[in-house]
Amino acid sequence: MTGTRIPQEERTRLMRQRLLEATTQCLVDYGWNGTSTTLVSKRAGVSRGAQLHHFPTKAALVTAAVEYLATRQSEQLAEAVTALPAGDNRIRTVLQMLADYVTSDLFVAALEVWTVARTDPDLLAAVDPLEKMTGRLMHRLTVEILDVDESIPGSLELVQATLDLLRGLGLANTITDDRTRRSRILDRWAEVLDEHLPRRNDASR
């Protein structure tokens, strides 16, 4: 008895996913300059010919990886929100969740692409709308999970300042292990938000 044959469409999808996941990991491990189509195909366990069939150039591979990164970032954020525990110290818990995101491999890989996109118009055209989409998603999720009262002037600016702070902490972590200092900063920022961030449900405080 032979095994069930996987349809060609599904095999193609799985191969593309392996290549895109390998691209993401190569960006994390080797950076933009160290990532090549040859290295990606080797990491993915895919023949060079098959890789070239799906993505004939590094530009094509990275452009597809940018879209993959944006999708995975959105999924990762949504999964993290679902896993948030209820109870006290909500703000600090949310800050930790977001800090875990900006120190994840997905964020590091995206950072490699953003850096190159600054001086590459074609890559920037692919990255810019996806980065804005992810930024809007982070902002909306943060507003929702902290029950922010958007009608109060300055509330959305506090949310955006929080996200900008977290991105900066994520960037700092790419150079050295910054978790101890990051934890102290997040403790203090949680106190600031608890005092100044207006929320719809005062009982959540």
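**Entry 1: a pair of helices.** I started with α5 and α8, and found that α5 passes α8 in a right-handed crossing. For handedness I used this rule: a crossing is left-handed if the near helix is turned anticlockwise from the far one by less than a right angle, and right-handed if clockwise. I took helices (H or I, at least four residues) and strands (E, at least two) as DSSP runs, numbered from the N terminus.

From α5 I noted Leu 95, Leu 98, Ala 99 and Val 102 in the contact, and from α8 Thr 162, Leu 163, Leu 166, Arg 167 and Gly 170. Contact here means heavy atoms within 4.5 Å. Sorted by class, the residues in the contact of α5 with α8 are six nonpolar, two polar and one charged. In that sorting Ala, Val, Leu, Ile, Met, Phe, Trp, Tyr, Cys and Pro count as nonpolar, Asp, Glu, Lys and Arg as charged, and the others, Gly among them, as polar.

I then looked up the geometry: the axes of α5 (residues 90-102) and α8 come within 9 Å and cross at roughly 45°. That makes α5 oblique to α8. Angles under 35 degrees count as roughly parallel, over 145 as roughly antiparallel, 65 to 115 as roughly perpendicular and the rest as oblique. The axes are lines fitted to C-alpha atoms, for helices over the stretch in contact, with angles from 0 to 180 degrees between N-to-C directions.

**Entry 2: what I am looking at.** I reminded myself that this is a predicted model, where local features need pLDDT of at least 70 and side-chain atom pairs count only at pLDDT 80 or more, while totals for chains, interfaces and linings use all residues. Residues are numbered from 1 along each chain as its sequence is written, and side-chain values use heavy atoms, leaving out hydrogens and water.

**Entry 3: Leu 166.** Is Leu 166 buried or exposed? I found it buried, with a relative accessible area of 0%. Buried means under 20% relative accessible area, exposed over 50%, and partly exposed in between (1.4 Å probe, protein chains only). Not counting residues up to four places away in sequence, Leu 166 touches Leu 95, Leu 98, Ala 99, Val 102 and Leu 186.

**Entry 4: another pair.** Next I checked helix α1 (residues 8-34) against helix α6 (residues 105-117), whose axes come within 8 Å and cross at roughly 60°. That makes α1 oblique to α6. The crossing of α1 and α6 is left-handed. I counted off the classes for the contact of α1 with α6: eight nonpolar, three polar and two charged residues.

**Entry 5: Gln 51.** I found Gln 51 in helix α3 (residues 48-54), and at 0% relative accessibility Gln 51 counts as buried. Leaving aside neighbours within four places in sequence, Gln 51 is in contact with Leu 19, Thr 37, Ser 41 and Val 46.

**Entry 6: Asp 147.** I looked in the loop between α7 (121-145) and α8 (155-173), the place of Asp 147. Phi of Asp 147 is near 55°, a positive value in a residue other than glycine. Asp 147 counts as buried, at 17% relative accessibility.

**Entry 7: the whole protein.** To finish, I noted nine helices and zero strands. Of the 205 residues, 41% count as buried. The C-alpha atoms fill a box of roughly 60 × 50 × 30 Å, taken along the principal axes.
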